[in-house]
Amino acid sequence: ATGDLGVAVESRFFAVGAVVPWAKAGVGAIATQSFANTTFGPKGLQHLEQGKSAQEALDLLVKGDPQADQRQVGIVDAQGRPATWTGTKCNAWAGGKTGRFFTAQGNILAGKQVVEALAATFEETAGLPLADRLVKALAAGQAAGGDSRGQQSAALLVVRAKGGYSGYNDRYIDLRVDDHPKPIEELARLLEMHHTTNAFADARFYLDRGDTDHASKIMEAATRKRVVAAGAKPTDQGGAYYDLACFYSLAGHAEKALENLAKAFPLNPSLKAYSLNDSDLDPLRSNARYQAMVKDASKKEK
């Protein structure tokens with residue numbers, strides 16, 4: 001299990017991603033909605049980090065807000081326990097539903113069927129990565145009527161321990177569509193781009209946990225997509241094979257790494273010199289085949 005926690009949201013509201021989603025790896029995820037009290041995000045995470053359950057944290061937030069009857073909030077803690085609140089003065093239709101590892105809620109919706117669609121789709125897509133389940137749920141909610149005012153923005157936040165850039169933070173996926181006629185479709189496009197361009201980091205996550213087969217599938221699939229992508233230049237294709245070679249080098253599969261370097265270097269010759277200082281290829285330094293591939297680049301470096 002990845003331990004991923006996340007929030008996805010869509011609204012007829014500019015830049016909804018700057019308001020609704022809050023999450024911290026190993027702690028929980030919170031959605032602040034309806035006349036959003038954005039202090040619910042950091043305060044709620046603090047309660048969870050102190051050992052409170054999702055429901056206990058929610059009760060504390062609501063109790064401390066004199067305008068709680070206008071608020072809407074959903075929380076899932078690190079144990080997967082959900083809680084949801086919809087104040088009596090939220091604009092109709094407003095309501096929420098909880099289930100195994102999730103909570104779904106909304107206000108100013110076309111009807112109850114929107115939340116039902118969100119929940120059903122999340123449950124039906126078990127087995128997919130959390131990010132994909134969240135975006136598919138949004139799409140289903142929109143198909144069921146969505147925000148009664150229309151569409152404008154959408155956002156997706158997924159946290160994972162050391163899942164951010166170079167492992168320095170937990171912000172694994174943080175995508176926002178601030179103003180778009182079809183924000184959920186655009187969000188789905190960006191997520192697919194993330195899966196492709198961030199494949200190396202995803203693969204390393206599984207490789208570090210001993211699941212080489214799954215890691216290899218992620219990298220191979222991403223490489224195929226990058227190589228055949230519309231508008232892909234030879235240098236782009238070379239870069240795709242090079243990244244795959246780096247992965248296999250780290251995974252201890254020297255022959256597969258060399259096979260992909262043999263594809264990469266003719267497509268992007270500048271990668272030969274680059275490879276000389278790439279620590280991902282350190283396992284290949286003493287390999288005679290690798291040394292022959294970069295012989296010319298080595299001479300130029302000297």
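1. Helices (H or I, at least four residues) and strands (E, at least two) are DSSP runs, numbered from the N terminus. By that numbering, Trp93 sits in the loop between β5 (82-86) and β6 (95-99). The peptide bond joining Ala92 and Trp93 is cis, with omega about -15°.

2. This is a predicted model, in which local features need pLDDT of at least 70, side-chain atom pairs count only at pLDDT 80 or more, and totals for chains, interfaces and linings use all residues. Residues are numbered from 1 along each chain as its sequence is written, and side-chain values use heavy atoms, with hydrogens and water left out.

3. Phi of Ser34 is near 60°, a positive value in a residue other than glycine.

4. Helix α3 (residues 112-124) packs against helix α4 (residues 130-143) at an angle of about 150°, their axes 8 Å apart. Axes are lines fitted to C-alpha atoms, for helices over the stretch in contact, and angles run from 0 to 180 degrees between N-to-C directions. The angle makes α3 roughly antiparallel to α4 (over 145 degrees; under 35 is roughly parallel, 65 to 115 roughly perpendicular and the rest oblique).

5. Contact means heavy atoms within 4.5 Å. On the α3 side the contact residues include Val114, Leu118 and Phe122, and on the α4 side they include Leu130, Leu134 and Leu138. By class, this contact has 9 nonpolar, 2 polar and 3 charged residues. Ala, Val, Leu, Ile, Met, Phe, Trp, Tyr, Cys and Pro count as nonpolar, Asp, Glu, Lys and Arg as charged, and the others, Gly among them, as polar.

6. α6 and helix α8 (residues 234-251) pack at an angle of about 10°, with axes 11 Å apart; the two are therefore roughly parallel. Phe200, Ala203, Arg204 and Leu207 in α6 meet Asp243, Cys246, Phe247, Leu250 and Ala251 in α8. The classes here are 7 nonpolar, no polar and 2 charged residues.

7. The second largest pocket holds about 730 Å³ of space. Of its 28 lining residues, the closest to the centre are Gly164, Ser166, Asn198, Phe200 and Ala201. A pocket is an open set of points on a 1 Å grid over the protein atoms alone, where a 1.4 Å probe fits, with protein on both sides within 12 Å along at least five of seven lines; lining residues have an atom within 4 Å of a point. The volume is the space filled by probe spheres set on the points, which are joined across faces, edges and corners.

8. α6 gives the largest share of that lining, 6 residues. The lining has 9 nonpolar, 9 polar and 10 charged residues.
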